[in-house]
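Subject: Structure handover

Hello,

Here is the structure I said I would pass on.

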Amino acid sequence: MSYWEAFILTLISLVIGGFIYGLERIVRARMQGRVGPPLLQPFYDFFKLMDKRSIIIHSFHAFMGVMYLIGTWFALFVLLSGGDLLIAIFFHVLSLAFLVVGGFSVRSPYSVIGAMRELLHMVAYEPLYVLSAAALYLVTGTFQVSGILHSNHTPLFYLPLLFVAVLLSLPAILKKSPFDTAEAHQEIIGGPEIEYSGKFYEAVYTAKWIEYIYAFFFIFLFAGGNHILGALLVIFSFFFFNLLDNVTARVNFRQMVAFHWYILIPLAVINLMLIALWRS
Amino acid sequence: MEKVVYALFLVPWILAAAVFALPGASLHRLRQVLTFASLPVLVWLTYLVWNSHLPITMNSPHWLKVLFVVYDYLLLLYFLYQGVKFKNFLVSVLALFQLFLLTWVLLIMPESSVPDFYVDRLTAFMFLIVSTVGTLICIYATKYMEQESLERENRFVAILLWFLGVMNLAVSVNNVEWFFALFETTTLASYVLIRFRWDEVSLKNALRALWMNQVGGIAILLGLLFGIKYYGFTHFTQFLTLAGKPGIVMIPLGFLAVSALVKGAQMPFHRWLLGAMVAPTPVSAILHSATMVKIAPYLILRLSPVIKGTLLAKLLIVTTGFVFVSAGLLALTQDNFKKILAYSTISLLGLMMLTASMGSSMAVLASLTLILFHAVVKALLFMEAGIMEKLFKAKYIEDIRRLIERAPITVTFVSIGFMSMTIVPYGIFVAKWMAIEEASNFLSHGAYVGSIIFMATGGVILALLYFKVIGIMTRKRGEFYRFNLEKLPFVYLVSTVPLVVFVIVGSIFIAALLQASVNPVVAAVVGSPAPISAKGLTLVTPVSELYGWQIIGAFVLLLIVPILAYFVHFTGTDRVYEYTCGENVKLNIGTYDFFCIQSVEPFVETTAVALFILTLILGGGLV
């Protein structure tokens, strides 16, 4: 992918992300036997929120919400521009930092708890993503995203266990049940989002759409050069995590971290070591 | 050139003597001038060494050898005396045991004509850190002690300056027996500095530092003994000739590596470093950052060509990686700012030794980058901790809440310091990135897979820790339209601003910095430079690239934006209090202390002990 393609894709990622979110709400509603909102509902929400009177606590907090959007956008560009996968992963951490600092900067208990749990989410899934980068390197021989996308190998066939692990941690990165402790609407009312409103909430809300693209692109990488398989994987994981979101209850943060550290990471490591031993 | 090297040892001692000889409150300015002078002089001397034809080997006169032996005995007898005086069993017994081992070593030590001083690029690299970061800490200490006690300032600054000379000497000796002497001298320095306030806690912690470090001394002596027994080797350069030979006896190397682990405060020997926080803050700065503990990665780097790829290296990777993660975890439970920094030092020392034990050129590059940036950042953070303590009376996390309203500069500096230890694109991140990519080449080895997990997990845990602290500092009651920059004393600014500038500029120009300054050191340690190159700001590694626009982008996001945030004021918006879902709650928020982690502490310590013993027994080939 050239820089220009990546740039354009990053720009329109907002629209794609909005559609994915709209679709997700329909799919989820159908799973629950409801009709659900129209596909364009996220965009209607977008325009409604843009119209709202801006109420903020202080500018620093509001500004961090905007920065979260910009940071996530930049992280997505880093990923799509075909550079180093690890760097892209760490840029994602950087973008989360804004949400966290923003969440911490107000004296609202829910916001502070949410920001802390946001960090715990990171603690849970981050090692897995770093391991995936190493595993993709092992299979395709490169850390460059563009290289992985043109690889002749299909990482999925070599890394089935790792793929399962990443799939199961998808709810953690997108903050969906069972790993939605950071937002936990019934408990901490959206966590770091709670104190945002109007345009500034819009920024945070939109950043989450971009996170969708980010996460699903990561899934897409598991198909390597086989882009049709990649699309199928993305569609499958989309339905899978919606199903998971519907049928599971929220776990607490300890269970989340424990599940990632004691089940998913060992799963990934077993896969990794078997492949590496087989090859050496 | 020999004279320049000698000057690097002697100048700090002369300055120390001068400072010591000028007691009293009235001569404070004069002492400050003398301390300030150490910075340009030492930097100039280091510059001369760096640009000379390295390595320099120097033979020593016979009287110097005799002097070292006499000094060794006096030092150990002093330790024994301290043990007896304060009725500390461990200190006295360990001192006695060292006396016994030392005598044994001296009896069987062969005459050798190998030069006793060996100044290569790695040594010059350490000189560089000592002469910049170390002297800045000394300068800072003059002001710090002015606010604490002018009467004892001369003594304190003199010890610090003297210690810089000791450190310079320790990294340039080739003779392992001399290295032992200097290793124990740094132990002495930490003992004297930690007990500086002479209260009960200080003394207790100082004695703990004394006995723990003596364990390291014993390990060196045992390493030396077995080195003589199996090979007749007494010098580092002799050990280096073993590199790449099959079936070598690892016992001496195992003991030397263990001494590095002890000096590097790796678990279970981490408590002495934690105890150092009772002393005045410059002590923590000098022990943690620039000097003392850096002997540990230095020693591993010295030996890395020999231990590379052996079982010892793999066990060291696992042990230090485990410490990297678990020290980070334990840091989460702390509520004392200096203790948090201390744990993160232990943690990052683990990472330095981990990468050093890998031994390939990329890993050594990562290790050296870590040493450099960690020295700068930790010195900065400890200085800021001292400033917060002295000027804002903030020692605990609870006290630093909403510090942003009172001290914007300090908060910005601390934030930069914290962020630079975890986040893209700072130097420490780049090192970690290179290390992970290097370890990815050896995934069929469990130790390397482990190292990736450790690096990834430890990294995020430290991120969690730092953002927890940053979050507490930046919490605000509401909008503030006008803010006043706090007035910091000139000396504090002089000693901290250069470090901040280095962290930022060094991270932006990381490619050029690594290529031009760190890679020659790698070439000296490994034998060949790391295959990296710089294209403008872009850092090109064998498998990947860190683009210049990524570095700049991250900096714009991370650095300019939060500072800009002070000036951003959204107009046309309404200000409200926190919504908190309409609940009427007290807006007074505590901090997370992660008490749940304390329950795993015994487990962590047991594992650390087990790994430590495994490293010694299996890695050192004692089976």
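This is a predicted model: local features need pLDDT of at least 70, side-chain atom pairs count only at pLDDT 80 or more; totals for chains, interfaces and linings use all residues.

Salt bridges

Over all chains, the structure holds 16 salt bridges. Three of them are described here.

In chain A, A:Arg28 and A:Glu24 are joined through their side chains, at 3.0 Å from N to O. They are four residues apart in helix H1 of chain A, so about one helical turn separates them. Both A:Arg28 and A:Glu24 are buried.

In chain B, B:Lys143 and B:Glu146 form another salt bridge, at 3.6 Å from N to O. Both lie in helix H5 (residues 121–148) of chain B, three residues apart, which is about one turn of the helix. B:Lys143 counts as buried because its relative accessibility is 16%, under the 20% cut-off. B:Glu146, at 27%, counts as partly exposed.
Back in chain A, salt bridges with shared partners join A:Glu24, A:Arg28, A:Lys176 and A:Asp245 into one network.

B:Asp116 is buried, with a relative accessible area of 2%, whereas B:Lys65 is partly exposed at 26%.

Surface patch

Chain A has a nonpolar patch on the surface, with about 1100 Å² of accessible area together; its residues include A:Trp4, A:Phe19 and A:Tyr44. Helix H1 (residues 3–31) of chain A gives the most to the patch, nine residues. A:Tyr44 is found in helix H2 (residues 41–51) of chain A and is partly exposed, with a relative accessible area of 45%.

Helix H10 of chain A

Of the 24 residues of H10(A), 21 are buried, so the helix is largely enclosed by the rest of the structure. At 1.5 Å a residue, helix H10 (residues 198–221) should span 34 Å, which agrees with the 35 Å between its end C-alpha atoms.

Two single residues

A:Ser95 is in helix H4 (residues 85–104) of chain A and counts as buried, at 0% relative accessibility. Leaving out residues up to four places away in sequence, A:Ser95 touches A:Tyr68, A:Gly71 and A:Thr72.

B:Leu15 lies in helix H1 (residues 2–20) of chain B and is buried, with a relative accessible area of 11%. Beyond its neighbours within four places in sequence, B:Leu15 is in contact with B:Leu34, B:Ser38 and B:Leu161.

Regards

How values were computed:
Residues are numbered from 1 along each chain as its sequence is written. Chains are lettered from A and ligands numbered from 1 in the order in which they are written. Side-chain values use heavy atoms; hydrogens and water are left out. Helices (H or I, at least four residues) and strands (E, at least two) are DSSP runs, numbered from the N terminus. Buried means under 20% relative accessible area, exposed over 50%, partly exposed in between (1.4 Å probe, protein chains only). Contact means heavy atoms within 4.5 Å. The expected span of a helix is 1.5 Å times one less than its number of residues. Patches are made of residues with over 30% relative accessible area and no salt bridge: like charges are joined within 9 Å, nonpolar side chains (Val, Leu, Ile, Met, Phe, Trp, Tyr) within 5 Å. Accessible areas come from the Shrake-Rupley method with a 1.4 Å probe; for residues, only the protein chains shown count as cover. A salt bridge is a side-chain nitrogen of Lys or Arg within 4 Å of a carboxyl oxygen of Asp or Glu.
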